Structure formats: C-alpha cells, structure tokens
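Thanks for coming. I will go through one chain this morning, so please have the viewer open.

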Amino acid sequence: MTSRYRSSKTSEGLNSLTPRRRTVVKAAAATAVLAGPLAATLPARAVDQAPAFLHGVASGDPLPDGILLWTRVTPVPESIPGSGVGPDTEVSWVVARDKAFTTVVAKGSTTATAASDHTVKADIRGLEPGTDYWFRFSAGGTDSPAARTRTAPAHDAAVTGLRFGVVSCANWEAGWFSSYRHLAARGDLDAWLHLGDYIYEYGTGEYATRGTVVRPHAPAHEIVTLADYRIRHARYKTDPDLQALHATAPVVAIWDDHEFANDTWSGGAENHTEGAEGAWSARQAAAKQAYFEWMPVRPAIAGTTYRRLRFGKLADLSLLDLRSFRSQQVKVGNGEVDDPDRTLTGRAQLDWLKAGLKSSDTTWRLVGNSVMISPFAIGSLSADLLKPLAKLLGLPQEGLALNTDQWDGYTDDRREILAHLRTNAIRNTVFLTGDIHMAWANDVPVDAGTYPLSPSAATEFVVTSVTSDNLDDIVKVPEGTVSAVASPVIRAANRHVHWVDTDRHGFGVLDITAERAQMDFYVVSDRTKRDASAKWSRSYRTRSGTQKVERTYDPV
C-alpha cells in the first residue's frame, strides 16, 4: 500500500508513524523471534515427518472448464522453505465431484523440486462450469488435506447471482487472521478476492502493531532475497485460518506494494535502499518469483497480475497490476500529479483495461484495483486528527489533500479511464479496492470539484484491512473514536463518499445479481484474539444503470 504511515520510510497503511528502520517494538521483543527462522515456517509437530503437506492446499483463477491447484510438499525434514535443498519428489493430484473422492474426474502428477521451493501447481482443464469439486495431493504415501473449489460459470450462462469474499492488507505481526476464518465458515462463496498485501516485507517490530507484536515474522529481518520472500510466504501459509479459507473456495489475487516493498514503483520502492539492499531489479524479480511459486495465480502478461476472468453473462473481473509499470510517486503540491507523461498503469495495461470495459457484454464490469481510484481531499480536519491521518495516508502533515500513491497521484490516467466510461456509455463498472486500511463506499465522479453536479462514471467499494493498523491504531484510542469525528469531516469535503470507517478491521462480501451489486462490510471484534468474533457493520449497493452508491439496511 502506500507510504501513508511512516514519515519517511512508511508502510502501506498505518505504519508510517516511525521511520522504516526504527523499530516500533523494543529490541528485546525482536530477540524473542524464533532462533531458527527457516524452521519457524513449519509447524513444530511436523518438522520430523516427511513427506508432508504443511502449508495447506489452495486453488485459484477459476475458469468455466478449469481451476489452478497449488500446494507445497516437504519431502524430507531438511527441505524447509527457502533452503534450496531436498530431492525431486513426485506429487500426484486428484479431482473429484465429492469429498469422499468416489467420483474422480481428473488426476495426474507433477514434480516438486528445490528450484521451485518444492511448490507445485496443476492447471486442471476439462471440468464442468459452475460446479463444486474436491481435490487433494499425495506424495510418498502421504495425502494432503482435501479442499473444495469451484469452476466459473459457462461463458454465456445466465447466472442469477455471484458471491465473493473480499479482503486485503494482512500484517502477520499485528494479529490473527480471523477474517479468513469467518469467510471460510460461510460456505457460500463462489471465490474470494485478495486485493493486495497478502504478505508484508518488514522485519519484526518495523511495521505498526499498536506497539505489540502479536506473533513474530519469519525471517525476523526485512525480506530482500529470494530465500527471504519464500520464507515469508511460507510463514503466512502456516496460519490455520488462511489455510481454511484456501481450502474452501478459489482465490483471485493481485499484488500491491508489500508483496515487494512499501510504495513500490517500476524502478524502486520507498522501502528499498539501492546498493545497501542490493539492486531493485534483483529484489523485484525475487519477490515476483516467490509470489508465483507460493500463490495459486496464473502469471499473466509479462509475468504480472493483470488479467481478466469471466463469470457467465453476469460479470467479468479485470484485475490490475498497479506496481510493475507505474512512474515514481511525486511530492504533493508541485503539479506533477497531472503530468500526462506519468502513469500508474502503463500504456499497454490502460489500453487493455479500456478495451475490455468497452467490449464487455456482461451486466457488471468489476475491476480488482489495489489502490483507491476515488478522489480524496482531507478538508478541514482539526490538527489532532490531521496529523495521524496524514501519517496513515502518507501525506504532508500540513494537510495538502492528495495521496500520490493512489490514483490521486496519477490524474491523467484516471481522467482517461473515466472519460472512456462516459464517452462510451459504459455502465455498471465497480472498482473493488483495498490498501488504505479503511472501509469506503464511493461514487467515482468525473469531476470531484463539481460533484454532485458532475456525473459519476463508476462506483467503488473499499475494504478495510484484515489486521494492518488503521487510524484508531495509530492514535492508540478505542475503536470507533476517531471514525466518529473524522468520517463526517471526510464526507463533507468529499461529497462522492457515502461512508468511511477509519477504525475497524474485517472483510467484505460482494453479492451480485442482475439488478444490483452489494457490498456487505463485516468487522472483527479484536484482531489480537484468535477467537475474535465477526459482525455485520454496514451494506451499500449500486443498482444497475445508476453509477451511484446507496445504503441498504440488511446484508444479503
């Protein structure tokens, strides 16, 4: 996400309270990290058992006739993630219509090698559209857990409804992933969307956690090398709630900055020191390699995450990569945000997005978008609120109203895509966004300065963070305290914003019918508690043809 948290080297959300190298937690806390960071990526009970499937199984990128399956095998105890050691191991897979695997529809095998960190993928085809399946892997007489997945509807299917979980921004050290557990327990998801910051790159204590590391990273230091990124991905996939969600429905994921380093752009990142941390090109390549090894994502154009999936006649989903091609972020107030030579998407990706939106024949055009597209002005916040909000958003604390890591910093790209929607009368475009650690329901105006006289070209639902610090965490006040004051002021200065919650953690559930697209926002009771409960908070919808958000008073 953007450097909105730290004053110099911040992190994506709320971590900007301190410089990158200054630990939030005392050094003593950092020394409490497990002495063996590699071994820490494996459950202790299973380190001496092999082969084993210790990091769960997953599926992703559903197609009408196929699904991508993923797992990681530990062939011998020494083959811990990032180690680069261990024998080639045959891994078989089986897909069935039932959990008991009595009706097998596909099977095969592949080889796990140290070159891919003993991760494997199987891109299964020949399946039936809109159908639930079960799958598992096997190696050396050991079976993985069984998992459910689901194919997309047929290309021309008259789909009556779709339901997606929506999440972003999961800082391991800040708490437990109970949002994943609650989504997994629903049992009604066609898929779930992860809109970026699946992992974080910081070392232990370097990223905001309200001053308390709930559980330490592995490795303990900031990740820079291929081995580092592999170890961090592996650490995340030991989380039982994340494993449960991966075993329940296919994921559709894009990356944001923390899969690399804070405030990534095409030639570097705010949280990267060229030379001292190696060459950016090498670090970026390592991060991408580990991501595609450890995530059930098909590499798209030029090894990025921009691609498009279709769900019958009801919706298509354009997924963006807003890190690989962007120009470097600029300082606020110098006019460069309007420079037409600067880009967030890159020319090829923007043309691809425009063409896909124009040619789409589905009822809804969803856009998986890692940073907020709606304009945002701070307005007349009081000094005591402006300072922490500026830290959260990476803004000058004098309060200039731009977050240049978002689309606000690349206004020419935004003008072009919104003008394209208006000129071509493209309706029902909904941006689905993460990154900012707050929940929003927005119209996307063609001209925010004259809204509501200016038309709205699209709508946007922004989900809050799974665990990463938000505004009340930065200020260290009770949940809801800041939002009660800040939300009305933000809305007064941004009339296209229907709702913003600056303080809570949780997830969204997007439900789509031909008549409307509705986002139900859920919040968790306490990110630091393993057994945190979840409750419905609010719901907003956009009705077909309106390009406007409205509140609705019941979840789907």
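**Walking through the chain**

Start with Ala-425, which sits in the loop between helix H8 (411–423) and strand S17 (429–433). Helices here are DSSP runs of H or I with at least four residues, strands are runs of E with at least two, and both are numbered from the N terminus.

Before going on, the ground rules. This is a predicted model, where local features need pLDDT of at least 70 and side-chain atom pairs count only at pLDDT 80 or more, while totals for chains, interfaces and linings use all residues. Residues are numbered from 1 along each chain as its sequence is written, and side-chain values use heavy atoms, with hydrogens and water left out.

Back to Ala-425: its phi is positive, about 50°, although it is not a glycine. Most residues other than glycine have a negative phi, and most peptide bonds are trans. Ala-425 is exposed, at 60% relative accessible area. Exposed means over 50%, buried means under 20%, and partly exposed is in between, with a 1.4 Å probe and protein chains only.

Asp-61 also has a positive phi, near 45°. Asp-61 lies in strand S1 (residues 57–63) and is buried, with a relative accessible area of 1%.

Now H8 itself. Its 13 residues should span 18 Å at 1.5 Å a residue, and the end C-alpha atoms are 18 Å apart, which agrees; the expected span is 1.5 Å times one less than the number of residues. Buried residues of H8 include Ile-417, Leu-418 and Leu-421, and also Asp-413, Arg-414 and Glu-416. The buried residues of this helix pack against helix H6 (347–359), S17, S18 and S19.

Between strand S18 (439–445) and strand S19 (456–462) there is a loop that holds Pro-452. The peptide bond from Tyr-451 to Pro-452 is cis, with omega near 15°. Another cis bond joins Ala-218 and Pro-219, with omega about -10°. Pro-219 is in the loop between strand S10 (191–194) and helix H3 (226–236).

Is Thr-467 buried or exposed? Thr-467 counts as buried, at 0% relative accessibility. A polar atom of its side chain lies 2.7 Å from the backbone oxygen of Asn-171. Leaving aside neighbours within four places in sequence, Thr-467 is in contact with residues including Cys-169, Trp-176, Phe-177, His-505 and Arg-527; contact means heavy atoms within 4.5 Å.

Phe-177 brings us to the largest nonpolar core, which has 39 residues, and Phe-177, Tyr-180, Trp-192 and Tyr-236 have the most contacts inside it. H5 (280–294) is among the elements that each supply at least two residues of this core, and the largest share, 6 residues, comes from H5. A nonpolar core is a set of buried Ala, Val, Leu, Ile, Met, Phe, Trp, Tyr and Cys residues joined through side-chain atoms within 4.5 Å. Beyond its sequence neighbours within four places, Tyr-180 touches, among others, Trp-192, Leu-242, Leu-245 and Val-466. A second, separate core of 33 residues includes Ala-152, Leu-366, Val-430 and Ala-441.

Last, the whole chain. Its secondary structure comes to 10 helices and 24 strands, and 63% of the 556 residues count as buried. Of the contacts with a separation of 6 or more, 71% are between residues 24 or more positions apart.

Terms used: A polar contact is a pair of N or O atoms within 3.5 Å; within protein, one must be able to donate a hydrogen and the other to accept it, and residues adjacent in sequence count only if both atoms are side-chain atoms.
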